[in-house]
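Me: I would like to learn how to read this structure one feature at a time. Please start with the strands and how they pair.

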Amino acid sequence: MTSSRTATSTFTQAQLGTQALIGWSGEHPDGDRGVAFLLAYSLGDGQDGPETGELALRAALERSGLRIGGETLDGSQQPGLPVKLVVQAGQAVLTMPHFKAQYTVPQEWLAVARSEGVVHGMFATRPWPAAVPGQPVGEELLRSFVCDPETVRTSAHCLLPVRSLG
């Protein structure tokens, strides 16, 4: 008999593999304001393969208080949420219990993030090996990944308040 693995399973950092950030901005569906997006994803290159990495990332996100699938969590309404975003000197720094990364954001992203005071964080559990850090990612490639129904369904979504150091 086999048993399924749940969010209470253990994982190692090596199983998560290379994790990265990418940001972009666009229009809000209501059309009257902009939205800054920040995607956290894995390359799927963890020590035990992409499937184990996906399960490990799912567990890590759920332990961080994020929900996979479903509605978007409002981080400003969750003061104890251990997911923090600091925007300073053209950098977005995302800190979570299992992950800390910084990303040099485009100027238009920065303007929208500061204006709105919030960033839509998308935390993909599905690996994205095509988006290697340091290499350009075209708009079509980005759109094909983030708009894919399977990626959306297997991701956690959270509105992250924009914080600064000053």
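Reply: In this predicted model, the bridge partner of Leu 38 in E7 is Gly 121. E2 and E7 run parallel and are joined by five bridges.

Me: How many bridges pair E1 with E2, and in which sense, parallel or antiparallel?

Reply: E1 and E2 are paired over nine bridges, in the antiparallel sense. As an example, Gly 26 has Val 35 as its bridge partner in E2.

Me: How many of the residues of E2 are buried?

Reply: E2 is mostly covered, with eight of its nine residues buried. Ala 40 lies in this strand, and it is buried, with a relative accessible area of 10%.

Me: Next, aromatic rings. How many aromatic pairs does the structure hold?

Reply: The structure holds three aromatic pairs. One of them is formed by Trp 24 and Phe 37; this pair is stacked, with 5.1 Å centre to centre and 10 degrees between the planes.

Me: Why does that pair tie together separate parts of the sequence?

Reply: Trp 24 lies in strand E1 (residues 19-27) and Phe 37 in strand E2 (residues 34-42), so the pair ties together parts that are 13 residues apart in sequence. Trp 24 has 19% and is buried, whereas Phe 37 has 21% and is partly exposed.

Me: What kind of pair do Tyr 41 and Trp 128 form?

Reply: Tyr 41 and Trp 128 form an edge-to-face pair, with 5.1 Å centre to centre and 65 degrees between the planes. This pair links distant parts of the chain, 87 residues apart: Tyr 41 is in strand E2, and Trp 128 is in the loop between strand E7 (118-124) and helix H4 (139-146). Tyr 41 is buried, with a relative accessible area of 4%. Trp 128 is also buried, with a relative accessible area of 4%.

Me: Which residues do ring pairs link into a cluster?

Reply: The cluster consists of Tyr 41, Trp 128 and Phe 145, linked by ring pairs.

Me: Now a sheet. What is the strand order in the open sheet of three strands?

Reply: The order is E4-E5-E6, and the pairing is antiparallel. Strand E4 (84-88) and E6 are the edge strands, each pairing on one side only. On average, neighbouring strands of this sheet are turned by 15 degrees against each other, direction ignored.

Me: How many bridges join E4 and E5?

Reply: E4 and E5 pair over five bridges, in the antiparallel sense. Within E5, Gln 91 is the residue that Gln 88 stands opposite. Strand E5 (residues 91-96) is joined to E6 by six bridges, again running antiparallel. There, Val 93 stands opposite Gln 102 in E6. E5 and E6 form a hairpin, with two residues between them.

Me: How do I read the two faces of a strand?

Reply: In a regular strand the side chains alternate between the two faces of the sheet. Strand E6 (residues 99-104) has Phe 99, Ala 101 and Tyr 103 on its covered face, and Lys 100, Gln 102 and Thr 104 on its uncovered one.

Me: Loops next. Where is Ser 64 found?

Reply: Ser 64 is in the loop between helix H2 (50-63) and strand E3 (73-74). Ser 64 is buried, with a relative accessible area of 1%. Not counting residues up to four places away in sequence, Ser 64 touches Leu 81, Pro 82, Val 83, Met 96, Pro 97 and His 98.

Me: Last, confidence. Where does pLDDT stay under 50?

Reply: Where pLDDT is low, the predicted coordinates should not be read in detail. Here pLDDT stays under 50 over residues 1-8, for which the model has seven contacts beyond four places in sequence. The protein averages a pLDDT of 89, and 92% of the residues score at least 70.

Definitions and conventions. Residues numbered from 1 in each chain as written. Predicted model: local features only at pLDDT ≥ 70, side-chain atom pairs only at ≥ 80, totals over all residues. Heavy atoms only, no water. Helix = DSSP H or I, 4+ residues; strand = E, 2+ residues; numbered from the N terminus. Buried < 20%, exposed > 50% of the residue type's maximum accessible area, 1.4 Å probe, protein only. Contact = heavy atoms within 4.5 Å. Phe/Tyr/Trp six-rings, centres within 6.5 Å; stacked < 30°, edge-to-face > 60°. Pairing = 2+ DSSP bridges. pLDDT = per-residue confidence, 0-100. Axes fitted to C-alpha atoms, helices over the stretch in contact; angles between N-to-C directions.
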